[in-house]
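Please look over the ligand site and the sheet of this model. The report below takes them in that order.

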Amino acid sequence: MDLRAALKEGMAQLRAAQIPSHTLAAELLLMHALGRDRAWIYSHPEEFVDPAAAEKFSALIARRAAGEPVQYLTGKQEFWGLEFEVTPAVLIPRPETEHVMEVALARLGERGIKIHMDTGAPREKLRVADVGTGSGCLAVALASELPHAEVSATDISPAALEVARRNAARHGVAERIHFLQRDLLTGLENTDPSSEGARHAVPASADGAALFDLIVSNPPYIARSEAAQLQREVHDHEPHAALFGGPTGIEMYQRLVDQARDLLRDRGILVLELGHDSADHVRGIFDAQPAWTKVAITMDLAGIPRVFAAERAR
Ligand SMILES: C[S@@+](CC[C@H](N)C(=O)[O-])C[C@H]1O[C@@H](n2cnc3c(N)ncnc32)[C@H](O)[C@@H]1O
């Protein structure tokens with residue numbers, strides 16, 4: 001069978017299985033099976049597909065038709081212009097999460113990111129935390145954008161942290177990201193020299209609390225009660241610890257905001273991704289705490305309130 005016929009057959013099988021974007025999916029899986037890019041495939045339509053590659057392609061098509069996301073089949077997803085390894089241990093990075101990057105960088109940029117936020121003096125390190133790092137997409141992209149940043153990236157899942165570590169190494173920022181298995185930010189204020197946090201030189205204030213300039217998070221925010229409405233690609237294949245925030249989906253935000261309040265420096269910035277209907281609830285949390293100023297919500301491209309940002313008041 002030649003390439004054109006193989007691709008046509010793959011597309012037909014995915015269309016019959018009602019897979020969204022079946023053309024793109026078949027192309028990506030063929031590229032993966034052959035180890036070739038799209039330009040090569042379309043410039044060699046009559047190339048013979050050897051039996052081993054044809055078998056690999058056919059197996060990938062069958063798995064996609066059965067609901068597995070393309071990204072878990074190819075093992076990769078782009079985020080912020082960088083290629084990330086993804087496995088079923090991590091959430092597939094979403095385009096919406098790039099808004100977290102945009103808001104965080106814009107807020108830092110407004111103030112001159114190489115300046116000490118309190119004194120205006122130059123400073124060596126910018127201290128950043130990424131809570132629920134998953135594939136490490138936010139931590140790695142921030143470390144890449146901010147060469148003077150030192151990042152603490154937490155996750156409850158050891159398997160996710162392994163993937164995140166590999167992504168940090170792949171992009172040459174592993175030295176500046178400290179991966180910590182934690183419940184949100186719990187324990188980051190620990191300055192016991194024998195503790196994991198202390199070994200990784202998490203910044204500490206005089207009273208022992210770790211202090212950050214920026215905390216970002218895309219926490220699990222889907223309600224358990226919405227599980228049945230999720231696409232099967234998501235529900236059956238992505239890690240439930242990455243999806244579900246609790247019975248109502250908003251459970252993580254209160255704890256996260258409370259911890260961030262205690263761990264941010266004065267004028268430190270908190271940037272949170274929001275679930276599709278969590279904006280009012282999250283605003284309520286901030287409104288109830290005088291510790292915050294410059295509270296703002298950013299919409300995503302679909303007009304949904306997607307990112308919440310605030311500054312720790314002096
Ligand atoms: C929505 S995913 C976000 C992953 C990644 N930051 C991204 O934007 O693609 C949420 C992540 O939080 C982690 N997580 C869930 N509960 C947690 C907790 N209590 N403490 C720390 N991480 C948690 C999950 O394992 C998952 O990796």
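A backbone N or O atom of Leu-184 sits 2.7 Å from a nitrogen atom of the ligand. That is a polar contact (a pair of N or O atoms within 3.5 Å). The protein covers 96% of the 600 Å² of accessible area that the ligand has on its own (Shrake-Rupley method, 1.4 Å probe). Asp-183 places a polar side-chain atom 2.8 Å from a ligand nitrogen atom. Ile-156 brings a backbone N or O atom to 3.2 Å from a nitrogen atom of the ligand.

This is a predicted model: local features need pLDDT of at least 70, side-chain atom pairs need 80 or more, and totals for chains, interfaces and linings use all residues. Residues are numbered from 1 along each chain as its sequence is written, and side-chain values use heavy atoms, without hydrogens and water.

## The shell

The ligand is surrounded by 19 residues (a heavy atom within 4 Å). Gly-132, Asp-155, Asp-183, Leu-184 and Asn-218 are the closest. The shell holds ten nonpolar, six polar and three charged residues. Here Asp, Glu, Lys and Arg count as charged; Ala, Val, Leu, Ile, Met, Phe, Trp, Tyr, Cys and Pro count as nonpolar; the others, Gly among them, are polar.

Seven strands form an open sheet with mixed pairing, in the order 5-4-3-6-9-11-10. Strand 5 (177–181) and strand 10 (292–299) are at the edges with a single partner strand each, so one side of each has no neighbour in the sheet. Strands are DSSP runs of E, at least two residues, numbered from the N terminus; pairing takes at least two DSSP bridges.

Strand 4 (residues 149–155) pairs with strand 5 in the parallel sense, over five bridges. Ala-153 stands opposite Phe-179 in strand 5.

How values were computed. Polar contact = N/O pair within 3.5 Å; in protein donor to acceptor, adjacent residues only side chain to side chain. Helix = DSSP H or I, 4+ residues; strand = E, 2+ residues; numbered from the N terminus.
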